[in-house]
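This briefing covers a chain-chain interface and a pocket. Definitions are given where the terms come up.

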Amino acid sequence: MKSIKTNQLYQLTLTQLLETVREPSVLFWGIVFPILISIGLGLAFTQTSESKFHIAVVEKQPTQLDSLLKISAKPTQHKGQTVQTWKVTDKTLGNTELNFLYTDWKNAIISLKRGEADVIISDSLGQICYRFDPHNSQAQLIYMKLSYLMKHPTTVASSDQGRIEPLTLKGVRYIDFLIPGLITLGILNALMWGISYAIIERRNQKLLRRMVATPMKKSNFLIAMMLVRFVMNLIEAGILFFFSWLFFGITIQGNIGALMTVLLAGNIAFAGLSVLVACRTAKTEVGQGWINAVTMPMMILSGIFFSYHNFPDLAVKAIKLLPLTALTDGVRSIFNEGAGWMDIATPTLALSAFGVLCFILGLRFFKWG
Amino acid sequence: MHQIEVKDVIKSFKDVQAVRGVSLTIEPGEFVALLGPNGAGKTTLVEMMEGLKKPDKGEILIQGKNWQKHEKELRKIIGLSLQETRFTEKLTIRETLRLFASFFKLGDDRVNEVIALTELESKEKSFVGTLSGGQRQRLALAVALLNHPEVLFLDEPTTGLDPHSRLDLWNILKGLKDQGKTTLILTTHYMEEAESLCDHIIILDEGKILREGQLHELLDENSHNLDELFINLTGKKLNEEAQIK
């Protein structure tokens, strides 16, 4: 036992671990925060809730809408104004509440500017005219719902018997898309902040310089940091997965060995990147800037919360080269598509090579003093 | 053979020449003070002796060995306390010492010894973040003493400490001096520290040695203490606030 206690790699790893677990913010940001995000987004995108839409009506002559509202809508109070509220029941897509406010053109435009209304309905020789920003998807949805209701008012009552067949296959829900992304984002953040920031802070405190003024092996210092982060990441990912299995029924459809391998490759990639980012600066403010500059674009572009396929084709090609994209796509394919060893071979090799290259470059330029 | 030999060393940072052709020798078991005001070049000179900075010109030998070829050997025989090192706040004193002891393959026995030597027994389970300035300096000294260093470098070990904590640290160093196994190089701008602890005093200013020798050799009828000597040499005071009455 004495030989282990006097082993510098053991002591470096132990002290790094103690330091990590004694920091309450690590537990919050590493474990509690991803769970809260998954609850928030999971509930937001998996619950069927009532959609409320606001429409400003500016008419000179009565239209078909007026006669329809007379039958279907009821006057209600909304923010001190009387509006005509039309509730459309739909068990599959969720209930819709359409609030029509009769007003003049000037106030209708003000409501639109303030986001209080999405669509203005006016008349053109007694015909309905929809006015809205064609790039506003909310307005597009109102237009489509409303124009359908106008054309087929009689089908409204039976819309809950509609022809929509809800798809309940595992892996197609938003939460199935989200959880693998949260796991990979957690790995990126934990390594960038846990290694990069810790190195910069130690350099700033002159602790790095103090340590290299001893016979400490420099590689042991970095290996200990990485080992601790790898273990912490495994625990954090495990807790997040357990939680999402318990509450959302998430399962791993693919090969668990392949999942562990691609996660390890992701850890290698971001550990290498974190050493490279932290190789020179001793100023924590500069370090924070660098870490944000590396993590933020990937967080936004790599398809963590929403698919990156909505970006232009050229951008998608570039996004696919980002290490977080490669890791997330790999992990997601194992979780949701049943991917195995062969499917993740390329991203695993690419991520590992990227990490090793960054690590070598980082060590080459590393400033210990 | 000299314990330390510094030969015509020069070191510059951009346009500032911090050390301008310094040469000196230090013998085994000697306690030497590098005395000078802030910016005199004390820290730069000591960090070159510690192998943490490379001289632009000149050579530094410790026990006849230079840093370029013998870094591994020299790291094992020196101990040091840097100016303003902050140890990890979430570790206890014992954990910090165990970590540094492992770099020298030393175990709990030596950790216990340095804890006792620096009188940190009652605080050994306290987190570094909760220690006072004096206790932190004692921890820095304990870390520096772990490997029974033959050469000990202390860079302004008592700066910012209250008189009581300063005296505590001096007593520990006096105990070390009595054992006679360690060579000490101490930078300070407190003349009392140099007078009280050191056999040999080197007065530095603007990167040059102004005067060196034993205390009685440096003082005369015009300079009754080191502060007066410094004023006579440079026309400025060494450090007004530092005197312990």
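This is a predicted model: local features need pLDDT of at least 70, side-chain atom pairs count only at pLDDT 80 or more; totals for chains, interfaces and linings use all residues.

Residues are numbered from 1 along each chain as its sequence is written, chains are lettered from A in the order in which they are written, and side-chain values use heavy atoms, with hydrogens and water left out.

**Interface**
- The contact (heavy atoms within 4.5 Å) takes 30 residues from chain B and 24 residues from chain A.
- In chain B, the most area is lost to chain A by B:Arg86, B:Lys90 and B:Phe103, together 24% of what that side buries.
- The rule finds three salt bridges across the interface of chain B and chain A, each a side-chain nitrogen of Lys or Arg within 4 Å of a carboxyl oxygen of Asp or Glu.
- One salt bridge pairs B:Glu95 with A:Arg22, the closest N and O atoms being 2.7 Å apart.

**Pocket**
- The largest pocket has a volume of about 950 Å³, the space filled by probe spheres set on grid points joined across faces, edges and corners.
- A pocket is an open set of points on a 1 Å grid over the protein atoms alone where a 1.4 Å probe fits, with protein on both sides within 12 Å along at least five of seven lines; lining residues have an atom within 4 Å of a point.
- Of the 33 lining residues, A:Glu23, A:Ser25, A:Val26, A:Trp193 and A:Gly194 are the closest to the centre of the largest pocket.

Conventions. Buried area is the accessible area (1.4 Å probe) that two parts lose on being put together, summed over both.
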